[in-house]
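Hi everyone, thanks for coming along.

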Amino acid sequence: MTSLNEEVFPDQASNVPVRKVTIRINGENRSANVEPRLLLAHLIRQGFNLTGTHTGCDTSNCGACTVLFDGQPIKSCTMLAVQADGHDVMTVEGLATASELHPIQEGFKDEHGLQCGFCTPGMMITAKALLDENPDPTEDEIRWALSGNLCRCTGYQNIVKSVMWAARKINNQAAN
Amino acid sequence: MSLDEIKIGGMGASRRRVEDNRFIRGKGNYVDDIVLPGMLHMEILRSPLAHARIKSIDTSKAWAIPGVRLVMTGEMMASRNLAWMPTLSYDTQAVLATDKVRFQGQEVACVIADDPYIAKDACEAIVVDYEPLPVIVNPIQAMAPGAPLIRDDKENQHDNVVFDWEVGDKDGTEKAFAQADVVSKLELHYPRSHPSPLETCGSIADFDRATSKLTVYMTTQAPHIIRAAVAMVAELPEHMIRIVSPDLGGGFGNKVPVYPGYVASILASILLERPVKWIEDKTGNLISTGFGRDVYLRGEMALRKDGKILGVRMHTDSDHGAFFSDAQPSKFKIGLMHSAFACYDIPAAHLTARGMYTNKAPGGVAYRCSFRVTEAMFFQERMVQAAADDLGMDQAEFRRLNFVRDEDFPHRTAFGFLTDSGQYAKCLDVGLEAIGYKDFLKQKEEAKKRGRLLGIGISTMTEPLGAGNSREYDILGIKMFDSAELRVHMSGKAILRTGAKSQGQGHETTWAQIVAHELGIPADDITVEEGDTDTAPFGMGTYASRSTPVAGAAVAMVSRKIRAKARKLAAHLLEVSEEDVEWELGRFYVRSSPDRGVTIQDCANAAYSNMPDGLEPGLENTAYYDPPNLTWPFACYIATVEVDPETGVWDVLNVVAVDDCGVRINPMIVEGQIMGGLTEAYAMASMQFITFDAEGNCVGSNYMDYLLPTAWETPGFELHEVVTPCPHHPIGAKGIGECATVGGPAAFVNAVMDALKGTGVRNIDMPLLPDRVYEAFTTRRDISGMPPVKTED
């Protein structure tokens with residue numbers, strides 16, 4: 001990647017103009033010099049080495065690259081890195097704390113909501129956005145919310161169950 | 001006191017998956033996640049035309065872009081004898097085009113640069129002058145007199161025929177048709193589809209000049225086959241090639257073949273002495289890599305008035321694209337198409353099959369399917385429903401009447417396969433009960449009076465999973481066995497490696513459960529590794545639902561070898577003779593004194609610290625397993641639908657699946673496989689297909705045009721099971737991964753056709769898009785995906 005990250009890639013030989021961006025990613029401020037055409041997904045993956053965000057389709061259809069952008073789920077393969085300057089981004093790596101998994105992560109494991117794992121980060125991030133807005137969704141609401149994320153392995157039924165598992169746990173925690 | 005097998009994560013435990021721990025943290029290790037020091041990036045320039053002569057290629061502008069390290073063309077590959085490579089079906093395929101391009105998306109040139117953006121820029125700077133040629137997009141055009149010759153590179157190729165094949169009893173079948181009261185006929189097209197794992201293909205080739213060793217990290221379901229192929233193509237010695245298949249973001253058969261991108265990245269790394277990464281984009285994946293299906297059927301069934309099937313005749317024309325690179329056992333030209341009708345007791349059957357070259361992408365891979373069984377079972381179950389309708393019989397009873405009965409096993413099918421076990425009628429009964437068959441039929445009649453169209457579709461089938469045996473099944477001459485290596489450490493913890501390669505099936509979880517079942521070592525104490533040819537024993541990889549039938553059997557067998565040695569160690573520790581030692585899960589004890597015993601962990605410790613004289617130290621072994629037969633799971637899928645006569649939209653009301661895959665190692669994972677498979681079945685029945693316009697442009701080259709079902713469209717599924725253990729598999733298991741994809745589509749299509757029963761519509765070819773259903777309903781005519789017979793010009 002041309003001039004992705006100040007520490008890793010100091011300015012390379014090419015005469016392409018670069019711009020410095022600073023993004024608050026998973027709670028930490030990171031900066032990089034980027035070409036204006038660099039996609040946010042590529043900055044996250046190669047520049048910041050957060051490879052949990054995947055690129056599956058290049059056209060915003062599959063959702064494997066979904067991240068939270070100021071709390072809203074967006075597809076990072078169709079946003080430029082420069083557009084994220086000064087914003088807050090959360091990736092799958094930001095879900096768990098050092099000692100504890102997020103209930104959505106636990107739900108996906110307990111309900112067998114993943115097989116190859118490639119769509120899983122995007123699915124979980126979209127599920128987080130849903131549960132942040134609507135802590136007690138119906139099956140239809142979950143299916144609608146996840147309809148921008150494709151999965152080729154599971155058939156979705158267990159993904160829906162995983163999100164319901166997480167909702168129950170989050171609500172129980174809140175009640176106690 | 002024996003261990004509780006479920007508690008230690010043995011057979012039958014719905015053990016939560018070990019691999020999930022990294023995937024849910026975003027810590028999977030897919031090929032694009034791997035970064036090597038000094039790594040360069042490769043991008044492929046693809047042909048925009050489906051058939052054209054290459055007049056010239058000008059790469060000078062690409063070379064001039066800063067950061068470009070290498071530009072490769074077919075001419076350059078040819079100078080190293082690498083312009084063509086062998087396919088898995090004994091054909092050849094262009095790595096980079098030299099003479100002409102033969103399908104849209106064919107690889108024409110490659111650029112290797114400091115970063116992928118520069119490589120893409122440079123690809124766009126390459127100027128190729130093409131002279132367009134007439135294009136062939138279906139087998140009818142390919143066979144027409146005077147059709148342009150696609151494979152003029154092959155010396156003895158004078159037409160576009162890839163193969164002309166037949167199997168079965170021609171004379172016997174003719175006699176059966178002569179005796180028939182009714183002959184039921186059906187013509188169908190199973191459209192081209194693409195497996196489309198979310199992760200595309202890719203590789204990182206890393207040639208080390210100092211050691212002459214080539215390491216390739218790549219998306220492959222079959223690393224050892226790839227090593228053999230690379231040794232052949234690149235003329236490198238096998239021990240100097242290491243293939244590593246890291247986590248795969250789905251495979252579904254798409255990641256079995258050798259693709260030009262892999263070969264080009266390897267050559268680039270050798271030339272530049274730097275690691276070279278190639279990550280295909282989605283369009284590249286959809287338009288150039290292994291597709292599935294694209295077969296036309298003419299089927300006929302000879303029937304007696306009472307419903308007995310006397311004989312079956314099938315002719316298929318298959319579209320193989322520009323190069324015959326189907327991934328299937330060498331001796332079967334159209335894969336296992338002749339597994340059709342295996343669950344029915346039919347006296348005679350005959351199949352003729354013709355394969356054609358066209359100007360479309362090559363590679364009829366087994367898309368979640370054992371070598372064309374998906375087409376076989378779809379054709380079978382559509383023909384069965386049409387036959388039942390022609391006789392005016394109930395579709396469930398017609399099936400039951402013709403099933404191979406439980407007491408008739410082993411049973412030789414009309415095409416020569418040997419099936420060995422099953423309870424077909426019981427599975428059907430469980431399915432009919434679950435869907436509420438009789439009630440639904442009443443409901444359907446009621447609804448009809450009010451102008452509503454309800455339908456019920458059944459699909460029942462047994463299919464051959466788990467190739468080999470080695471007598472009949474090989475790929476490029478390599479026999480289809482598989483392997484497992486088990487190393488038990490001093491503490492009784494262990495590492496297991498197999499020749500299979502998971503791409504979501506959960507081998508890290510289930511293989512450990514088989515070891516736990518055989519040895520009593522808790523599954524959590526066993527690490528499972530696959531995919532590295534330097535460490536894994538030789539195996540044929542994971543596709544065609546062969547992992548559990550073959551590699552899984554090897555895991556059981558290697559565990560038994562370990563147990564046999566542990567018994568000697570136990571006898572030594574207990575100071576009795578081996579004959580006096582008894583086994584229960586996890587423990588050997590003295591027969592006459594059951595309280596005196598040692599655990600498997602005690603034996604492991606003794607193998608390194610206290611072995612008897614004359615016994616080889618250590619507790620490690622390897623097993624190679626050559627199955628005596630295929631495994632034959634059975635499935636009954638039933639769907640109910642409602643068709644809207646105003647729009648042609650059909651909604652799925654209920655789906656019931658009854659699967660008999662023998663003994664289930666991990667029920668949770670088995671059910672996950674079935675639900676995933678049903679979704680792909682629904683996808684193909686309803687929306688998912690790849691088509692081409694008359695110029696050979698691929699319509700479906702991205703996810704905006706190639707429709708895959710989301711959580712919103714996908715129906716829910718109700719699963720049931722029947723267990724008939726496989727008589728020859730060491731733990732009684734049968735394959736399952738593909739069953740629902742294979743058997744499922746006919747259930748959905750039969751349901752829609754049932755809803756249209758009485759309108760005169762006999763067939764609508766998949767996918768059953770609303771406009772097709774609407775047109776069929778309003779015009780009272782079949783909707784065919786068949787091309788017009790006359791060629792366009």
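Let me start with one pair of residues: B:Ser56 stands opposite B:Asp129, which belongs to strand 8 of chain B. Before I go on, a word on what you are seeing: this is a predicted model, where local features need pLDDT of at least 70, side-chain atom pairs count only at pLDDT 80 or more, and totals for chains, interfaces and linings use all residues. Residues are numbered from 1 along each chain as its sequence is written, while chains are lettered from A and ligands numbered from 1 in the order in which they are written. When I say helix or strand, I mean DSSP runs numbered from the N terminus, H or I of at least four residues for helices and E of at least two for strands.

Back to that pair. Strand 2 of chain B, residues 52-58, and strand 8 of chain B are joined in the antiparallel sense over 6 bridges; strands pair here if DSSP finds at least two bridges between them. Another bridge puts B:Asp58 with B:Val127 of strand 8 of chain B. Strand 2 of chain B also runs antiparallel to strand 6 of chain B, with 2 bridges joining them, and there the bridge partner of B:Arg53 is B:Lys100. Put together, this is an open sheet of 3 strands in chain B, in the order 6-2-8, with antiparallel pairing. Strand 6 (100-101) and strand 8 (127-132) of chain B stand at the edges with a single partner strand each, so one side of each has no neighbour in the sheet.

Strand 27 of chain B is joined to strand 28 of chain B through 2 residues. The two strands, residues 587-590 and 593-599 of chain B, pair antiparallel over 4 bridges, and B:Tyr589 has B:Gly597 in strand 28 of chain B as its bridge partner.

Now, how is chain B divided up? The domain assignment gives domain 1 (20-27 + 482-625), domain 2 (34-133 + 200-248 + 255-288) and domain 3 (295-467 + 629-779); such bounds come from an automatic or database domain assignment. Between domain 1 and domain 2 of chain B, the C-alpha centres lie 40 Å apart. Their contact takes 13 residues from domain 1 of chain B and 14 residues from domain 2 of chain B, where contact means that C-beta atoms, placed from the backbone, lie within 7 Å. On the domain 1 side we have 3 nonpolar, 7 polar and 3 charged residues. For those classes, Ala, Val, Leu, Ile, Met, Phe, Trp, Tyr, Cys and Pro count as nonpolar, Asp, Glu, Lys and Arg as charged, and the others, Gly among them, as polar.

On to the two chains. Chain B brings 43 residues to the contact and chain A brings 44 residues. On the chain B side, helix 1 (20-23) and helix 17 (667-686) each supply at least two residues. Helix 17 of chain B gives the most, with 6 residues. By class, that side of chain B has 17 nonpolar, 15 polar and 11 charged residues.

Let's move to the helices. Which residue of helix 7 of chain B did I pick out? It was B:Arg227, in the helix that covers residues 223-234. With 22 C-beta neighbours inside 10 Å, B:Arg227 counts as buried; the cut-offs are 20 or more other C-beta atoms within 10 Å for buried, 12 or fewer for exposed, and partly exposed in between, with C-beta atoms placed from the backbone. Beyond its neighbours within four places in sequence, B:Arg227 is in contact with B:Glu238, B:Ile241, B:Ile243 and B:Thr533.

In helix 14 of chain B, 13 of the 13 residues are buried, so this helix is largely enclosed by the rest of the structure. Just after helix 14 of chain B, B:Gly520 takes a positive phi of about 75°. Helix 8 of chain B has 10 of its 13 residues buried, so that one is largely enclosed too. Just after helix 8 of chain B comes B:Glu273, with a positive phi of about 55°.

Thanks, and I'm happy to take questions!

Terms used:
Contact = placed C-beta atoms within 7 Å.
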